[in-house]
Amino acid sequence: MNTTDKPRSLPKLLIVDDQPINIRVAHELFRHDCEVYMATNGEQALAKARALLPDLILLDVVMPGMSGHEVCQRIKADPLLADIAIIFVTAHYDEADEVRGFELGAVDFIHKPINPTITRVRVHNQLLLKQQRDQLRSIALMDGLTGIANRRKFETALNRNWLQCARDRKPLSMFMIDVDYFKKYNDHYGHQEGDNCLKQIAQTIDTTLVRPSDLGARFGGEEFACLLPGTDRQGALYVAAKIEQAIRALAIPHQASDVANQVTVSIGCSTLSPTPQSDAQQLIAQADEHLYNAKNNGRNQISAD
Ligand SMILES: [Mg+2]
């Protein structure tokens, strides 16, 4: 799915302060253009940060119990939370304090009593930067031609799901899909048509994978890869067959193909039961081997474990 086309929801803002009156003032400032959440101590702030993944936290420095500095430190140390932007809110200007805050990873400071205009501008600037960072990241993980995930995203998802499936004692399946005689297609129809063909196949793969945990990616050239966490061999074969049929149903003419008069694919499937000690690359190697077999046996077919 091309995530950049989705309408963006309101940014999430978490306001942390031990004084409810301060939270109320900030809430009033942002309730129209942010989803505003509140916490009155450090533990609550961390719990809400984990549950909500806010874009930005307005974080009081001085609080009883866990200080704002400690909250910031913990957020920056957690890979899942580290991207959240943090603006410290302090009672008075103190240079050493601000230096410490920036060293801990804060992006800005606001002083109490908060000035509405300054606070709004600073928060909006940081939200804009956060949005741009998020967009850049999603572009970096997207294939430029087809708009589906790229190989980098696939490899990241593979490693993550390998560990998750090992923990849950679930199988992990994948398949490699290769467009048959694609070089001949390009030679015959031209590169523009070749690109169109790849785009249609990518869209078909993307729409055929219906579970949110499944991932379809362009692996490179005319090769695509699909990852199906928690899916056994039989389930993977079922999905592979559905994809093969959906691509055939596109009925893209291919006069230069040696196996059919339309575009077809070869698919290599593999399923493994991951363990934390084993290497996720095994799954790719095995799928590759089956893809090789499928091509060697005449293409336009599925080969599996
Ligand atoms: Mg305070």
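User: Why is R169 counted as exposed?

Analyst: In this predicted model, R169 has 77% relative accessibility and therefore counts as exposed, a term that requires over 50% relative accessible area, with buried meaning under 20% and partly exposed in between (1.4 Å probe, protein chains only). R169 is found in the loop between α6 (151-168) and β6, helices (H or I, at least four residues) and strands (E, at least two) being DSSP runs numbered from the N terminus. Residues are numbered from 1 along each chain as its sequence is written. Local features need pLDDT of at least 70, side-chain atom pairs count only at pLDDT 80 or more, totals for chains, interfaces and linings use all residues, and side-chain values use heavy atoms, without hydrogens and water.

User: Why is L53 called partly exposed?

Analyst: L53 stands at 47% relative accessibility, so it counts as partly exposed. This residue lies in the loop between α2 and β3 (56-60) and has a positive phi of about 45° although it is not a glycine.

User: Why are α2 and α3 called roughly parallel?

Analyst: The axes of helix α2 (residues 42-52) and helix α3 (residues 68-77) cross at roughly 25° and come within 9 Å. Axes are lines fitted to C-alpha atoms, for helices over the stretch in contact, with angles from 0 to 180 degrees between N-to-C directions. Angles under 35 degrees count as roughly parallel, over 145 as roughly antiparallel, 65 to 115 as roughly perpendicular and the rest as oblique. The two helices are therefore roughly parallel to each other.

User: What makes α7 oblique to α8?

Analyst: α7 and α8 pack at an angle of about 135°, with their axes 7 Å apart. That angle makes α7 oblique to α8. The contact (heavy atoms within 4.5 Å) is made by F182, Y185, N186 and Y189 of α7 and H191, E193, G194, C197 and L198 of α8.

User: What is the largest nonpolar core, and which residues have the most contacts inside it?

Analyst: A nonpolar core is a set of buried Ala, Val, Leu, Ile, Met, Phe, Trp, Tyr and Cys residues joined through side-chain atoms within 4.5 Å. The largest has 25 residues, and F175, I177, I205, F224 and I243 have the most contacts inside it.

User: What kind of peptide bond joins K112 and P113?

Analyst: The bond is cis, with omega about -5°. P113 has its place in the loop between β5 (108-111) and α5 (116-140).
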